[in-house]
Amino acid sequence: MQLSPAHHDERLTAPRSWWGIAVLTGLACALMLLPLGTMPLLAGLVGGTALSGLLVSSYGSARVRVVNGALAVGDARIPVTVLGEPEVLDAEESRAWRTYKADPRAFMLLRSYVPTAVRVEVTDPADPTPYVYVSTREPGALVEAIRAAKAQAVPAA
């Protein structure tokens, strides 16, 4: 199956250091249960590590896709026909749009461990969302996929 040029698929996984923190959390749980004996210690180790790992995995499972004429970000699906021109944000601009430039009405999928992002204005007058902010490790590829999907969605004149 040949994918269209408008296809983009990225998973924003948590950094490796977060998995180390999950293991250390399991060790901390085990040490808290050390006075109760060996079995509670092992239960704390396994349970604490599993729960921490589950939290890291769920937070790091966000997907950014451009497929079938839509920008699919996390649980949201936004047709590319209602999006303006995408803008690549470097680390400094990303930080600015996450903080003092941010609009509380904007849709934001941000991950603190991803320094770059893409910002796309929403041009639908019925939608109160001014723009979409998406953390991405491949901002250029995401912008090109959005542009290609918009070009495919526009009927030939």
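## Asp9 and its salt bridge

Asp9 is partly exposed, with a relative accessible area of 38%. In this predicted model, Asp9 forms a salt bridge with Arg63, and the closest N and O atoms of the pair are 2.5 Å apart. The pair links distant parts of the chain: Asp9 belongs to strand 1 and Arg63 to strand 2, and 54 residues separate them. Arg63 is also partly exposed, at 30% relative accessibility.

## Strand 1 and the sheet

Side chains alternate along strand 1.

Four strands make up an open sheet, in the order 1-2-3-4, with antiparallel pairing. Strand 1 (8-12) and strand 4 (76-79) stand at the edges; each has a single partner strand, so one side of each is left without a neighbour in the sheet. From one strand to the next, the twist averages 10°. Strands in a sheet pair through backbone hydrogen bonds, in either a parallel or an antiparallel way. Strand 1 and strand 2 (residues 62-67) run antiparallel and are joined by five bridges. Within this pairing, His8 stands opposite Val66, and Arg11 has Arg63 as its bridge partner.

## Helix 4 and Pro139

Helix 4 (residues 139-153) lies across strand 1, strand 2 and strand 3 (70-73). The helix runs at about 35° to strand 2.

Pro139 is placed in helix 4. Pro139 is buried, with a relative accessible area of 12%. Leaving out residues up to four places away in sequence, Pro139 touches Val88, Thr116, Ala117 and Val118. Lys150 comes eleven residues from Pro139 along the chain, and the C-alpha atoms of the two are separated by 17 Å.

## Arg119 in strand 7

Arg119 lies in strand 7 (residues 117-122). Its relative accessible area is 10%, so Arg119 is buried, the limit being under 20%. Apart from neighbours within four places in sequence, Arg119 is in contact with Glu85, Pro86, Glu87, Leu89, Trp97, Tyr131 and Val132.

The side chain of Arg119 also meets that of Glu121 in a salt bridge, with 3.8 Å from N to O. This pairs a buried residue, Arg119, with a partly exposed one, Glu121, at 43% relative accessibility.

## Other salt bridges

Seven salt bridges are found in a search of the whole structure. One of them joins the side chains of Lys101 and Glu93, at 3.3 Å from N to O. Lys101 counts as partly exposed at 33% relative accessibility, and Glu93 counts as partly exposed at 27%.

Salt bridges also link Glu85, Glu144 and Arg147 in a network. Glu85 is among the residues in contact with Arg119.

## A nonpolar patch

Val23, Leu24 and Leu27 make a nonpolar surface patch of about 260 Å². Val23 has its place in helix 1 (residues 16-32). With a relative accessible area of 43%, Val23 is partly exposed.

Methods: Residues are numbered from 1 along each chain as its sequence is written. This is a predicted model: local features need pLDDT of at least 70, side-chain atom pairs count only at pLDDT 80 or more; totals for chains, interfaces and linings use all residues. Side-chain values use heavy atoms; hydrogens and water are left out. Two strands pair if DSSP finds at least two bridges between them. Helices (H or I, at least four residues) and strands (E, at least two) are DSSP runs, numbered from the N terminus. Axes are lines fitted to C-alpha atoms, for helices over the stretch in contact, and angles run from 0 to 180 degrees between N-to-C directions. Contact means heavy atoms within 4.5 Å. Buried means under 20% relative accessible area, exposed over 50%, partly exposed in between (1.4 Å probe, protein chains only). Patches are made of residues with over 30% relative accessible area and no salt bridge: like charges are joined within 9 Å, nonpolar side chains (Val, Leu, Ile, Met, Phe, Trp, Tyr) within 5 Å. Accessible areas come from the Shrake-Rupley method with a 1.4 Å probe; for residues, only the protein chains shown count as cover. A salt bridge is a side-chain nitrogen of Lys or Arg within 4 Å of a carboxyl oxygen of Asp or Glu.
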